[in-house]
Amino acid sequence: MRLLVAVLFAITAVAVAGAGPAAAQRREPLDQLDLRVEALSGLLHPGGELRVRVQVRNRGDKPAGDVRVVGTVHRKASSRFDFQQAVDEGEVGTVRGALGADVDGLAPSEVRSVELVEAAEDLGLDQSATQAGVYPLRLQLQRGGEVADELRTGVVLGPVEVGEPLSVALLVPLDAPPGRQADGSYDGRLPATFTPLGRLLAALNSPEPVPVTLATSGLLLEQAADLADGFTAAEGPARREVAATDPPAREAAAFLQQARQVASGPQVQQLALPYGPADLVALVRGGMTSEAARHISEGRVASERLTGDRPEQGLLWPPDGLDPPTLDEAVGVGIHAVILSEGQLDIPVERSLPFSPSPVRRLRSGTGASVHVLVPDPWIEQLLASSADEGPALAAQRILAETAAVYFERPNASAARGLLLAPPQVWAPPPGMLELLVADLAQAPWVRPATVGELVDTVRASSEPLTLDYPSAARERELDSGYVDGLRAARSGLGALTDLLTGTDPTPGHFDRLLLTAASVHYRSPPLQREGRAMIRTVADAAAQLYGSVTVAGGLPVTMTSVEGPVPVTLRNAAGVPLRVQVRLDSTRFAFPDGAVQTADVEPLSTATLTFRARALTPGGTSPLRVIVHDAVGERTLTTGTVVVRSTAYSPVALVLTGGAGVFLLAWWLRDVRRRLGERAGAGGRRDPAAA
């Protein structure tokens, strides 16, 4: 096998991130003529024929004459790299056969369809076992013998007998940037996405279903359900109410119904994207590991609730790769297989691969756990991501030819082999392209359509374990640390707010959804990030406002006429929602036999009074009681205040001492009186003898 084959399948990120196959398969049009493929029967069978219908357009303001469409079939590609060089670089080799048609008198701005037809035998393809393979096809639009435009793809002469078919799994993502704004309204981006997404679903809802894996965004489905019930449309600063009977709401309802129907199909496997889908690595890096784990589980819960079909458990397709700590978190919540592009894996470049590698590999996590990693074919991944402005037929045919090139690397292989076809998670292929691709895969004899789960179960994983290579470019794309810090603070505040509000209040659930939405990778771009920050501020500001809405009402001092008595504490709620709080009294002068802590529900815009039983430790005088108001679980202090208590009772000890002193003084006085009386009596009994 040629050295270049090994270079191709060493597969570094640079190899995939270059100009790309789709960009190289078309020459810039000369003059004002261009060529587009409308239909192509690129799978040749015994006794069949090659049919190509093209569209010729004169973009100029003058008539075009002496125009001809010429198709040439070239020598069979000897390897997959050979085929790619032919299509992408024009190294098509010798001609085996040709077909063509004249286009006379093409008027200015005219678009004309032209069909080219030629029997396979006349193209030198007799369907023998040795001739089966992939043949480059070049289509040229010529004017006066000069090439005005050129397109290249491949046609496949199917094998006479098929050994072990190639298991091909196609991922079809359903995701779009969020349209919900911080105030609950929707801008025009989201409703406009339902038409192209509906086309993707329609392509999968065929009379003869083909196994595919539908990757659903729980956030997208939730917003579709919200729109279907009617919504507030944001048109700049203005707001307009859209009823459930209006076209945008009906389109959202139709899309949701399509998603339910397709997801429940017998040949469809549903894979739930992380809710958002969230920037998992940024969350873990920012200390929000539990939040990242919740996004993985919440994505499954939302998709199942809105489609009625349970997504595949343990399978993760992250939006932009994983780093080792994030992989460890994913494994910790039950993920056993992840989908990652080759540019996100550390693959030894010195490895020499004569054949396309298995899409199923093994990945070692930081904790030592081994998980499966499903790797999309890098060239087909690039093709699916391209705009394919040459037309859906050419794009679908190129991908079909790539699958055939992989099969013909080892047509007699006995072990199951596979391919994973994965477009970007936000995907808008040309209309009709997915229908053609699904039909081509269903009809190709060398292909066995499969789900992603079936790939894991049937295709042997390569023995060499891989490690993650989180690219620096992905790191630079993450939500920045300031954004994540704000998200973390808002989440912390919402946790306390949930305890503050009563169980029937929907506010925590609404704010929770805002924060889950704000973690989406879609908010990486500056225009959308402003909306994400607005969601975070909405939650943080609302929480701060509610935290400050409870105060301790002032009043006259409380008078206790005995050692023990009631102490009322009045709270005022200035918010428009009921609040549940915990009130604690603190004092060194009083004890509280029934406890110093009580919980109270304070109705909106009203007051509530709690009564504590207090016992004076040192009766008499005036003392302040400190009142501390927490949330319902006592974690966050909301406000403080004081209640002044005046005690008019006397201490028993003081009474004893005072009484004792009185008794002592009385006894002393009585003793003194007796002494004086005795002295007077003695003085009266002693008479002067002389006087006698």
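View 1. Strands β16 (residues 337-339) and β19 (residues 370-374) run parallel and are joined by three bridges. Ala-337 stands opposite His-372 in β19. The model is predicted: local features need pLDDT of at least 70, side-chain atom pairs count only at pLDDT 80 or more, and totals for chains, interfaces and linings use all residues. Residues are numbered from 1 along each chain as its sequence is written, and side-chain values use heavy atoms, with hydrogens and water left out. Strands (E, at least two residues) and helices (H or I, at least four) are DSSP runs, numbered from the N terminus. Two strands pair if DSSP finds at least two bridges between them. The open sheet has six strands in the order β15-β16-β19-β18-β22-β17, with mixed pairing. β15 (315-316) and β17 (345-346) are the edges; each has a single partner strand, so one side of each lacks a neighbour in the sheet.

**View 2. Strand β8 and its partners.** Nine of the 11 residues of β8 (residues 133-143) are buried, so the strand is largely enclosed by the rest of the structure. Buried means under 20% relative accessible area, exposed over 50%, partly exposed in between (1.4 Å probe, protein chains only). β5 (residues 67-74) pairs with β8 in the antiparallel sense over seven bridges. Val-69 has Leu-141 of β8 as its bridge partner. β9 (residues 146-157) also pairs with β8 in the antiparallel sense, over 11 bridges. Here Tyr-135 stands opposite Val-155 in β9. Two residues lie between the strands of the β8 and β9 hairpin, where Gly-144 takes a positive phi near 60°.

**View 3. The buried side of helix α13.** In α13 (residues 433-443), the buried residues are Met-433, Leu-434, Leu-437, Val-438, Asp-440 and Leu-441. They cover an arc of only 160° around the axis, which puts them on the same side of α13. The arc is that of the directions from the helix axis to the C-beta atoms.

**View 4. The largest pocket.** Its volume is about 840 Å³. Of the 32 lining residues, Pro-319, Asp-320, Ser-341, Gln-344 and Glu-381 are the closest to its centre. A pocket is an open set of points on a 1 Å grid over the protein atoms alone, where a 1.4 Å probe fits, with protein on both sides within 12 Å along at least five of seven lines; lining residues have an atom within 4 Å of a point. Helices α2 (13-16), α11 and α15 (472-477) each supply at least two lining residues.

Definitions and conventions:
Points joined across faces, edges and corners; volume = space filled by probe spheres on them.
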